[in-house]
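Visitor: I am new to this structure. Please take me through one part of it, slowly and closely.

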Amino acid sequence: MVVKVLTEGIGEVDLCDIEIYRARGGYEQWRRAVTALGAAGVMDATNRSGLRGRGGAGFPTARKWSFLPANGRPRYLVCNSDEAEPGTFKDRMLLERTPHQVIEGILIGSYAIGSRHSFIYIRGEFAEGYRIFKAALAQARAAGFVGERIFGSDVTVELTVHRGAGAYICGEETALLNSLEGRRGEPRLKPPFPAVKGLYGEPTVVNNVETLAYLPHILRNGPEWFASVGPQRSPGFKVVSVSGHVKRPGNFEVPLGTTLRELLELAGGPLEGRKIVAIQPGGGSSACLFEEHLGLSYDFDTMAAHGTMLGSGAIVFFDDSTDFVKAALALVRFYAHESCGQCTPCREGGHWLEVTLERILHGGGVESDIDMLLAVAHQLTGINLCPLGDSIEPFLASVVKRFEGQFRSYVRTLPVPA
Amino acid sequence: MTTLPKEVTLSIDGLPVTVPEGTLLVEAAKAVQTDIPVYCYHPKLGPAGLCRICLVEIEKTPKLQIACNTVVAEGMVVRTQGPKVEDGRRAVLEFLLLNHPLDCPICDKGGECDLQDYSIAYGQGMSRLAERKELKPKAIDLGPTIVLDDERCIVCQRCSRFDEIVTNERSLVVKDRGQRDVIATATGAPYRSNFSGNVTELCPVGALTSKTYRFRSRPWDLQRTRTTCQQCSVGCALNVDERHGNVLRTMSVPSDDAVSEGWLCDRGRYNVGFYADERRITSPLGRFGDEWVQLSWDDAIELWATRLEEALASAGSASIGVLGGGRLLNEEILLVRHVMRALGIANVDWRTGRQRQASPGARGGTYDDLENAQAIVTLGRPPSQSAPVMDLRIRKAVLRNGARLISIGAHPASSFVPATHLARLSDLAGTLAEVERIAFVWDGIDAALGAEAEAALAKLAAEGKHVSVFVPGETPNARGAEALGLLPAGGALDTRAQLEAARGGTLRILSIFGANPVLHHPAGAAFVREALKRVPFVVATDLFLTETGRLAHLVLPAKAAFEKDGHSFDLTGAVHAVNAAHGAPPDALSDGEVMIALAAHLGIDLPSPRELADWATASPATIANGLGDAALCGSLAPARDGAAGLRLAIAAHPFAGGGTVYFDDRLGELRPRPGLLLSPATAQAAGIGEADLVDLAAGGRVLHDLVATLDGNALEGVVTIVDGLPEAPANDFGEGETVTLGNVRSSRALAGSVV
Ligand SMILES: Cc1cc2nc3c(=O)[nH]c(=O)nc-3n(C[C@H](O)[C@H](O)[C@H](O)COP(=O)(O)O)c2cc1C
Ligand code: SF4
Ligand code: SF4
Ligand code: SF4
Ligand code: FES
């Protein structure tokens with residue numbers, strides 16, 4: 001069952017027009033937050049809603065906010081719109097089709113944590129989204145929703161738009177902060193965490209576009225409305241990007257807890273005469289599930305319990321026509337290419353896996369290469385500075401184990417060495 | 001009130017360790033002599049968490065953790081050995097060696113390479129890589145001093161972090177991403193820094209090497225001597241590495257926390273080749289008319305002694321002058337002083353350049369005072385050029401402790417950190433209201449300004465502020481020469497008065513110890529030359545026939561600083577040992593040995609070695625009390641001209657000076673070209689463009705063909721030239737003098753016309 005919360009009105013009206021957005025109740029929750037609820041009220045509602053981050057890690061949003069030290073330093077909210085996780089295209093839709101909702105979410109979040117100057121970091125390739133968002137921001141500013149003395153109060157929220165330069169790693173929150181500061185986009189060593197020492201060395205929260213966009217709805221309908229949907233520890237709605245071997249790929253907003261099979265059907269089901277054999281449920285960094293898992297509930301905890309993750313909410317379905325050696329190479333190549341190169345295992349190990357898979361694909365593989373792939377992928381995992389390095393093993397290991405025959409068929413073509 | 005840091009106790013490989021709270025695990029392990037391998041971590045640069053070689057196992061933590069960024073906790077149980085740790089280490093080493101060329105047999109780091117050492121200790125000996133190794137550029141000329149081999153680089157970022165954290169110059173960066181990443185300069189321009197050599201020591205592998213040391217030796221063939229750098233007054237500890245009579249390289253002393261903090265500047269590090277230059281004087285030389293004749297030491301000393309006795313008998317000790325001493329070691333200074341006093345000679349002055357004073361007076365500070373100051377004020381020439389490693393402390397104070405850096409006068413601070421500039425000392429009043437600890441760095445040149453500063457500091461001190469004063473010496477041991485009394489006492493002649501007496505024909509003998517007043521004395525080259533020509537007998541000790549030596553009658557071959565033993569003061573007055581690291585040419589004698597020979601000839605009793613050693617290692621304060629010299633700072637007001645026009649500033653440069661640096665051809669690229677520095681606005685007003693050739697003139701004195709450099713840091717209305725360049729001697733000009741610039745030509749047009 002699809003729902004319309006964030007996606008309400010998309011495809012029906014032009015939500016980029018502030019008047020249309022306002023006519024449907026837009027910016028009313030921003031007004032209510034400032035004039036009635038207060039920052040503590042917003043914080044409390046967010047906490048009770050059970051909202052978890054939609055950027056990948058699924059961390060409870062109100063908890064993250066509560067880590068900010070009360071030390072009187074300036075604080076920053078940064079909206080992460082670098083969306084580059086393979087298979088993920090939900091933030092792009094929100095940015096391009098309903099930018100005011102994103103702005104309203106950022107404003108409410110900023111107010112809740114006490115950020116007087118917030119930032120949105122937009123993926124370099126989103127030229128259209130950047131243009132649309134800037135135009136919407138100008139409208140919001142002209143309407144008095146952004147800037148100083150909001151609604152006649154002493155609340156100030158400035159919003160600066162920054163466009164990235166096209167690096168996946170800049171979606172990782174500390175690399176993003178480096179990039180925003182004009183430094184090389186590479187993750188920072190933690191601790192210290194951004195909540196303590198983030199943008200320009202000050203306490204900072206980084207939140208995903210979708211996470212923040214849910215805030216106005218939580219305020220409007222009440223936290224209980226959000227918390228009552230889906231599994232108790234994984235509540236609310238989610239915009240899921242479905243792609244791969246399906247008839248109608250796209251974004252589908254559903255309650256968490258919807259089954260994978262339902263999501264497959266929403267996307268029109270498998271292609272004619274084909275059968276789904278594997279599901280990557282949470283972006284390129286997640287391990288595959290298989291046809292026997294189609295009945296699973298799609299939520300943070302169920303995915304984790306099955307050795308994978310919900311991640312950014314991007315599902316790729318693979319049918320029985322898939323060459324998993326090629327699929328594995330495509331993904332490994334992506335990570336090797338996007339590694340910032342800072343730390344040894346990710347930099348060297350990713351590249352090693354890439355050249356080994358290429359060799360296998362071109363008929364130069366030997367039997368022992370398959371075990372070596374697994375061993376190298378494993379030994380590069382868990383010892384990196386940021387999670388990117390650990391993102392290579394899950395998909396590779398899951399498909400090598402499941403479709404070992406496919407990998408063996410490539411190496412078997414090699415003449416036995418004398 | 002200081003509270004003792006709290007301590008925590010943890011266990012490392014079963015051994016209990018107690019360390020202060022906040023200690024990093026990697027440091028705590030050193031307390032129990034446990035080796036945790038590191039590449040990117042460096043105690044002076046802090047953790048970076050990049051290489052991942054320092055993995056350890058911590059009880060109750062499922063994943064291996066990096067020891068370099070883990071802070072100790074009470075009761076923590078750490079294992080640096082065992083299968084899990086060893087697997088992690090082996091994995092990281094395998095990754096590091098994957099595309100590493102392993103060209104150890106031709107790599108300068110071989111034998112002292114952390115990658116080699118850890119691979120042997122923890123590696124697996126076999127690579128599973130079936131592919132061809134990735135090739136990266138080799139032997140890249142990174143700048144005048146450094147060669148980069150990208151293939152060997154393990155991207156630990158120590159070099160780029162040094163260039164950011166310590167120097168704040170930020171020219172070294174990592175370029176590109178993933179396996180394609182390489183070290184490069186941010187702009188692609190050559191890597192130029194006064195501190196470039198340090199990256200070769202920080203580099204844990206053979207990726208960064210010094211041009212002067214490439215393919216020269218193996219570490220196990222080198223014999224190391226620890227000494228103190230004698231190239232400027234900072235006093236950095238220095239290791240000299242020698243093989244078969246050749247000094248092959250110099251290295252920092254990482255534990256030298258009180259002075260250099262383990263860094264060296266490029267002058268201290270790279271200016272060593274001169275000792276073997278073929279132009280070095282290797283026997284005493286006598287000049288008879290225009291002809292130089294080699295003399296034996298006996299004949300040379302006899303000649304000198306006889307001339308001294310004659311002059312004493314005929315014209316008295318007032319007809320004898322003694323100059324120099326700021327390059328000598330304390331023992332040598334004491335011997336010069338002793339012999340001259342025994343002969344009743346009082347016309348003694350170490351100050352053969354612009355500096356009038358090398359001691360900070362009663363408020364002298366330590367380098368720690370400098371680092372902990374909340375405001376650092378530089379008056380006159382900034383230490384960034386005259387005392388390079390001291391400037392790293394200043395940068396640290398500004399960058400890490402938030403100190404304010406304020407420069408006063410015609411010279412900007414040039415420290416690569418934010419600084420403000422004030423035109424006059426009097427502008428300082430009121431800007432230091434909230435500051436409690438002030439460090440004051442004065443170049444010791446303008447005595448009147450020094451007196452004005454002293455009054456201002458006395459006022460600040462009276463307000464209860466902690467004031468510390470620093471005076472970098474113009475010569476390495478200026479502080480020693482001054483403290484040990486190479487100054488004219490009781491109305492005797494200072495340098496200028498001696499030169500005037502010489503011109504007036506009343507000076508009969510002039511003895512010059514390791515000094516080159518023709519190039520450095522502000523009376524100007526022509527004036528000094530004329531004076532020297534009128535003295536019947538001039539004797540000079542030096543390594544080379546300098547502008548001054550060429551006018552002497554007797555030139556004695558001296559020893560370089562790393563060829564002799566003794567002590568020297570650094571600019572804060574701390575005593576350091578100087579040790580012979582290298583055998584001098586057979587016929588060279590140190591100035592001290594020369595004094596001993598002279599004393600023997602003249603029948604002068606010498607102090608006992610014990611007495612000499614006591615004074616040479618005493619503190620300046622003890623000496624002041626014991627030897628009882630009042631420093632007589634004769635005033636030498638430099639030619640001043642208040643008229644409107646361009647004001648001349650004369651700056652120091654680490655690679656200027658007509659001495660040693662001019663006698664090592666490998667340093668050619670580092671030597672400053674004769675030029676002048678202008679702010680863009682000043683240049684525009686004068687119709688001068690970047691790289692134009694310009695003549696600079698004042699009162700009939702001219703420097704020709706100076707290359708103009710425009711610098712946004714330079715002050716308006718000021719033109720800066722560099723002191724001590726033999727091709728364009730600045731000592732014909734005075735600091736603050738009004739100069740005119742003319743005969744402006746585009747250097748390109750000129751180059752074109754030649755073709
Ligand atoms: C390699 C990498 C890429 C990431 N890319 C994104 C991204 O494009 N967008 C995003 O919101 N979070 C991304 N994240 C997660 C962020 O680091 C961060 O957890 C998130 O923005 C927090 O927002 P949330 O709490 O609202 O989920 C990425 C993480 C990693 C390790
Ligand atoms: S894991 Fe990869 S992307 Fe992350 S910091 Fe290390 S090298 Fe960079
Ligand atoms: S050149 Fe040396 S110091 Fe610099 S990153 Fe590479 S290995 Fe490290
Ligand atoms: S700062 Fe001075 S003492 Fe230190 S290395 Fe450089 S020249 Fe030598
Ligand atoms: S030394 Fe700890 S990660 Fe490099």
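Guide: Let us start with strand β21 of chain B, residues 437-442, in what is a predicted model. Five of its six residues are buried, so the strand is largely enclosed by the rest of the structure.

Now look at its partners. Strand β18 of chain B, residues 375-379, runs parallel to β21(B), and five bridges join them. One facing pair here is B:L379 and B:W442, the latter in β21(B). Strand β22 of chain B, residues 466-470, also pairs with β21(B). This pairing is parallel too, over five bridges. Here B:A439 sits opposite B:S468 of β22(B). To get from β21(B) to β22(B), the chain passes through helix α12 of chain B, residues 447-462. That β-α-β crossover is right-handed.

Next, the ligands by chain B. Around ligand 4 there are 14 residues, and the nearest are B:C229, B:C232, B:C236, B:C265 and B:G268. Two elements of chain B each give two or more residues to this shell: α6 (266-270) and α11 (388-401). By class, the shell holds nine nonpolar residues, four polar and one charged.

Ligand 3 also has 14 residues around it. B:C153, B:C156, B:C159, B:C203 and B:A207 come nearest. Twelve residues of its shell are nonpolar, one is polar and one is charged.

Last, the meeting of the chains. Chain B puts 26 residues in contact with 23 of chain A. Helix α2 of chain B, residues 83-98, supplies the largest share of chain B's side, six residues. That side comprises 14 nonpolar, six polar and six charged residues.

Definitions and conventions: Residues numbered from 1 in each chain as written. Chains lettered and ligands numbered in written order. Predicted model: local features only at pLDDT ≥ 70, side-chain atom pairs only at ≥ 80, totals over all residues. Near = placed C-beta within 6 Å. Nonpolar A, V, L, I, M, F, W, Y, C, P; charged D, E, K, R; others polar. Contact = placed C-beta atoms within 7 Å. Helix = DSSP H or I, 4+ residues; strand = E, 2+ residues; numbered from the N terminus. Buried ≥ 20, exposed ≤ 12 C-beta atoms within 10 Å, placed from the backbone. Pairing = 2+ DSSP bridges. Right-handed = clockwise from strand over helix to strand, strands pointing away.
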